[in-house]
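Have a look at the structure, and then we will talk it through.

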Amino acid sequence: MRKRLKNHFIPHEGNNYKPHSVRERHVVGMALLAVAIFGLAFSIKSLITRNPDLLSAVITGVLVDLTNSNRLAQNINPLTFNPVLAEAAQLKANDMAEKSYFAHTSPEGKTPWYWFTESGYNFLYAGENLAVNFVDSEDVVLAWMNSPGHRANIVNNNFTEIGIAMASGRYNGQDSIYVVQLFGHPMPQTQKISEVLDVEVLAENKMFIAVKNNDYVVAEETEVFDTGLVAEASVVEKAIASPKMLLKTIYVVIGSIVFVSLLLFLAFKRRREHTKHVVYSILLLILIVTLFYLASAKLFPQILVE
């Protein structure tokens, strides 16, 4: 293994001062790999955009996982996934996609709590985060966490449950995916309210909102921190749900390998006739940097959360 690594990266007499990492075959192979990975990421992006239902279970699971990771980082209990909340989120996402609006209140004046009622979720506390132009799970959670209001919802200790859904539609004339993230603290089952009439707005901005249901008053509860409720998303699921982050990570790894190989070659090479291999490596680095830029700025649209 050690000898193989030496032959691959270190110029010496045994490899004619031309390590395998800078030879034409290796450079061409790395270039083809970089382009193929870009094509694969583009295919995943297209699949998510055009057929979100195919990966919705994976993506929503990863979003719940990432949300809970941020809560745990603040020593706050993770949220439990609630299918009723997910149904309410799906109703809201479908409505936005069908009518091409992006707001808490629909054009007909339906508030977020209308969808809670439609799905049969009675709450003490509730909140909503929205996003559009979704492609990458890491991106959307990072965008929420970088927004003070959205972050406040994610780390709100009053919330105990979560439901997430997405729907494809048109926004600003382009195909887009809408994401709805709903938070809730359910009302005890002994209390049933057919319609939410009195809500106290705790925080609100264009794309996030948190409220308290004043139709029911509950005694203060003692919160017990529990780390055993974190949703589990596999490495494969996270990779599928975060193609942009995966693509950029792969390019950083490949670029680092090529850069280190080039430095070693320049440090140890003894023959000027191998200069062309330096050029090959530099061209490969330029290709990787270009693809990295395209992945960051062009391939994936900017996620809007406010």
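Q: Which residues in α4 meet which residues in α5?

A: Helices are DSSP runs of H or I with at least four residues, numbered from the N terminus, and contact means heavy atoms within 4.5 Å. Here V84, L85, E87, A88, L91, K92 and D95 in α4 meet P112, W115, F116, E118 and S119 in α5. By class, that contact has seven nonpolar, one polar and four charged residues. This is a predicted model, where local features need pLDDT of at least 70, side-chain atom pairs count only at pLDDT 80 or more, and totals for chains, interfaces and linings use all residues. Residues are numbered from 1 along each chain as its sequence is written, and side-chain values use heavy atoms, leaving out hydrogens and water.

Q: At what angle do the axes of α4 and α5 cross?

A: Axes are lines fitted to C-alpha atoms, for helices over the stretch in contact, and angles run from 0 to 180 degrees between N-to-C directions. The axes of α4 (residues 83-99) and α5 (residues 112-119) cross at roughly 130° and come within 8 Å.

Q: Where is K110 found, and what does K110 touch?

A: K110 is found in the loop between α4 and α5. Leaving aside residues up to four places away in sequence, K110 touches H104, T105 and W115. From K110 to K92 is 9.6 Å, C-alpha to C-alpha, although they are 18 residues apart in sequence.

Terms used: Helices (H or I, at least four residues) and strands (E, at least two) are DSSP runs, numbered from the N terminus. Ala, Val, Leu, Ile, Met, Phe, Trp, Tyr, Cys and Pro count as nonpolar, Asp, Glu, Lys and Arg as charged, and the others, Gly among them, as polar.
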